[in-house]
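Take a look at the structure below.

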Protein chains: 2
Amino acid sequence: MSEKPLRIVIIGGVAGGASAATRARRCDEQAEITLLEKDEYVSFANCGMPYHIGGEIADRGKLLVATANLLRTRFRLEVRERTEAIRIDRVARTVRVRSHVDGTESDLPWDRLILSPGASPIVPRIDGVDAAGVFTLRNIADMDRICAAVATEGQVERRAVVVGAGFIGLEMVEQLVRRGFRVSLVELQTQVLPPMDYEMVLPLAQELKTAGVDVHYGSGLKSILTQDDRAVGVELESGRKLDGQLIVLGMGVRPNTKLAEEAGLLLGRTGGIVTNTVQQTSDPDIYAAGDAVEYVYGPTGESQRVAMAGPANRAGRLAGEHAVLGHSASMAPVMGTAIVRVFGQTAAMTGLTVKAAKRAGLACRSVTVIAGQHAGYYPGAQPLTLKLVYCPETGRVLGAQAVGADGVDKRIDVVATALTFGATVRDLAGLDLAYAPPFGAAKDPVHQAAFTAVNELDGLCEMLDADADLTGWQVVDVRTAAEVSRAPLPGCVGAKAIPIDELRDRIGELDPDQPTVVSCGVGVRGHVALRILRQRGFRRVVNLTGGATLRRRIFPEA
Amino acid sequence: MSEKPLRIVIIGGVAGGASAATRARRCDEQAEITLLEKDEYVSFANCGMPYHIGGEIADRGKLLVATANLLRTRFRLEVRERTEAIRIDRVARTVRVRSHVDGTESDLPWDRLILSPGASPIVPRIDGVDAAGVFTLRNIADMDRICAAVATEGQVERRAVVVGAGFIGLEMVEQLVRRGFRVSLVELQTQVLPPMDYEMVLPLAQELKTAGVDVHYGSGLKSILTQDDRAVGVELESGRKLDGQLIVLGMGVRPNTKLAEEAGLLLGRTGGIVTNTVQQTSDPDIYAAGDAVEYVYGPTGESQRVAMAGPANRAGRLAGEHAVLGHSASMAPVMGTAIVRVFGQTAAMTGLTVKAAKRAGLACRSVTVIAGQHAGYYPGAQPLTLKLVYCPETGRVLGAQAVGADGVDKRIDVVATALTFGATVRDLAGLDLAYAPPFGAAKDPVHQAAFTAVNELDGLCEMLDADADLTGWQVVDVRTAAEVSRAPLPGCVGAKAIPIDELRDRIGELDPDQPTVVSCGVGVRGHVALRILRQRGFRRVVNLTGGATLRRRIFPEA
């Protein structure tokens, strides 16, 4: 350790900054560590804010996890709230700071600088956007403002509009419904949760419908409607108007890279600060972590922004360690793992979706299974839909998505873990997962999905996309007559209904030379049917992914 | 495919046999597949039986997952129930079968034979063991007998004795309590769930106590006490007698290897049938799967028996495929992943415990964290205790155990997945797991445990076992005064109480030359204290694993 204490300045407490500061202190008791935060609260549980607004987390204080006082007394950090870093001088190795308390400015010297500037909500420049009643949710002050608006009594009918059906938008919808609002949800894309594949989020859309949420897909926001400078609704680009005294914008975030950019630090392909695997920027004495930086994204190996709390924490921790010790572990590639609960359903993802793989120009194939989150014979089994995306040449797993009432987080974490090690679908098929009736099944949904993928790789089956055009195919529905009449296979005319157990005896009713689609409830009996027909000389047989269950989500009109 | 259909005979439906049969059919529509089962039910959900006895699974029919009828109609299997294979002739390639319906015997020819004989409950040869009211639980007939006994009305006080506190024993205890029995539990070892490390199962023991279960550790069973040939209790080797009209023996199982052994097939080190990675026995035309075989055990690479449903299913599936196609994937090493719910607590494990590692002569170290199963600020957070066992040289993960009210299965599945790929604790520290407040934390318990292990590997900390003798150590309890008085650190005289936030200012009260143990609530503040003291020149500082919380589980008398 050098004679003179190392001077560490950290810009921004949230999204990795506090992790960096406390880790630096643990590794270096002598260092002079200053934590600058332009807002009032230096560290808080931002992921919990929607739940406080909705009243699930009643005590606001619970969100203030690492208070300035704790950081001062336990970690002997110099914490300066309401102090903004406005300029970095890389030659003099100082940072110009401005106090929002008294307006004074001063220069702070540093030996190592750690940037954790986070990201800011995107606010469109449209009419009315500055009116009272229009909110974004990024920090405690935002949350307090929304809470105050929510608490306002005396409104005959409480109406809110949430713009953006991403993770935060969906959490806000749920919590505002909880608080008695009639909520309209506006989304520019044609689905909720645009990062996920279309058919995987349909149970969430259904859940919103059941909760009475009025959802508008494919709708751009034209303006905020106001009366006496207060929001009274929104106008969509379609011309449609929606009432609402409370407007929450959840339209994504923009990384706060201005300071880094002005200091001449490199920005990357996706607009984030470039960092190496120990979180050094293009200036090795300046580190960065959190929502403003780019990480190595595991499934493609490319750098990109991933604005999630987990990576921010880990990257901040590494940056703090490396800044004082000069060595640390490497930041592991991130997988973009994310999860959201929407009323009774949960959706989660890790790695690439089919649409992301296509966008990245990667060959991919997918399998989707619908199975209980635990043994079907144990009470409370509920359908979990799991989609596995993999490379058709190597079988390497590229990503997974899941949706269901329970057990979604577990399956996504299993696949996220497997992704870390470059697992193939064959590896997933062999996982030794915990099984007792309340927790899983001897063949877990992860196994089932992997078995199907391996069957495809080995040429033992071929899956057809759930939304495929069935025109020109000989369609064989192998469910029982009762199932078929209760829930017909949609988007299909003239399907032959032959229950699986009669298929061998009635095979003469089918034309072996015609390309054939078999379909059942979720795909399990379909596979048996496919195997029978293929071995009886049928030219081409494919099994409809997810059977009638998945297809009926996609084409509910039938 | 050969002109003549392949003749496959499968011995035993449960524990892999039915999986083998249905997979063989999917891969070969022409094969003649015969499934022999000596009992009445060819395939059933044996893991669900305790839950039917307890009434959680009300409908008995739900356990009969793959009925003989289904196997016949859907898979065109020749199913012969109540038919026992009594001799294998490897030269003639026949199996001698005896019908328990009419007592006739005949020879069945085979081209490929698949053994799935399972295992049988261990029944000690003691007085009274054949009396009415003494049960084991292995098949549907056993279950039906117990159900009938449980349903018997008119007993003034319903008392049961369960012998063996393993997985099945614990499930039976819970379910019998559910049915109104006063239950005594007898275990030869000095803890419940002997496969797990002692301190990890203490929350289960507490749960049993709370439920009023009378547990007798370190107690061998001497005899069953009877009256008029009916059980009325048990006598322990200590001479102690326990009342009970219902006695359930859950003393483990013995693999049914007699048939294989008599046929000259190789048995392994742990008494199971030796198989290669495609489940062939020492005779390549004879396959085996399920509770009677040995698998490659991942953490050691050695062969051993692992009597679990998951591996049995997967091995059966592979055997069925390989038997008809001549090729298949390889059976992945098993990790011994297992889970059990005991009232409000769940315990699970994967890979090696500390005691198993020691038994295997492997160097190991462990870390234990106690943390919420999800973000502490979100309602419903409950302590989850996670223990990670790893190699002190390489950091390779050897195993994990967890216990808690919720989220146990997820963490164990994550580590089980990581084990498959030879993960190190450094890998675990970088996992990108799903986080939203209801599901986890930005720093998941898996991360926290891994961080600690990495700190140890890197020399940044040293953990002391939770049950260590603290004599001769300078003990510093860094909790607040209120915490210390509410829950003193047991097994320790003269601990110095210095709250973490005062440690730097009061450091003069401590002797830097004396070996020092720091302790807090669960270990988090202890780590901060360790880092402070070490950097202030203390000669040796160690952090008590799990702090006062874990130590108070081990020494509850304090």
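Helix 10 of chain A packs against helix 10 (residues 408-420) of chain B at an angle of about 20 degrees, and their axes are 9 Å apart. Helices here are DSSP runs of H or I of at least four residues, strands are runs of E of at least two, and both are numbered from the N terminus. Axes are lines fitted to C-alpha atoms, for helices over the stretch in contact, with angles from 0 to 180 degrees between N-to-C directions. The two helices are therefore roughly parallel to each other (angles under 35 degrees count as such).

This is a predicted model: local features need pLDDT of at least 70, side-chain atom pairs count only at pLDDT 80 or more, and totals for chains, interfaces and linings use all residues. Residues are numbered from 1 along each chain as its sequence is written, and chains are lettered from A and ligands numbered from 1 in the order in which they are written.

Now widen the view. The contact takes 68 residues from chain A and 68 residues from chain B; two residues are in contact if their C-beta atoms, placed from the backbone, lie within 7 Å. Helix 10 of chain A gives the most to the side of chain A that touches chain B, with nine residues.

How are the chains related?

Methods
Parallel < 35°, antiparallel > 145°, perpendicular 65-115°, else oblique.
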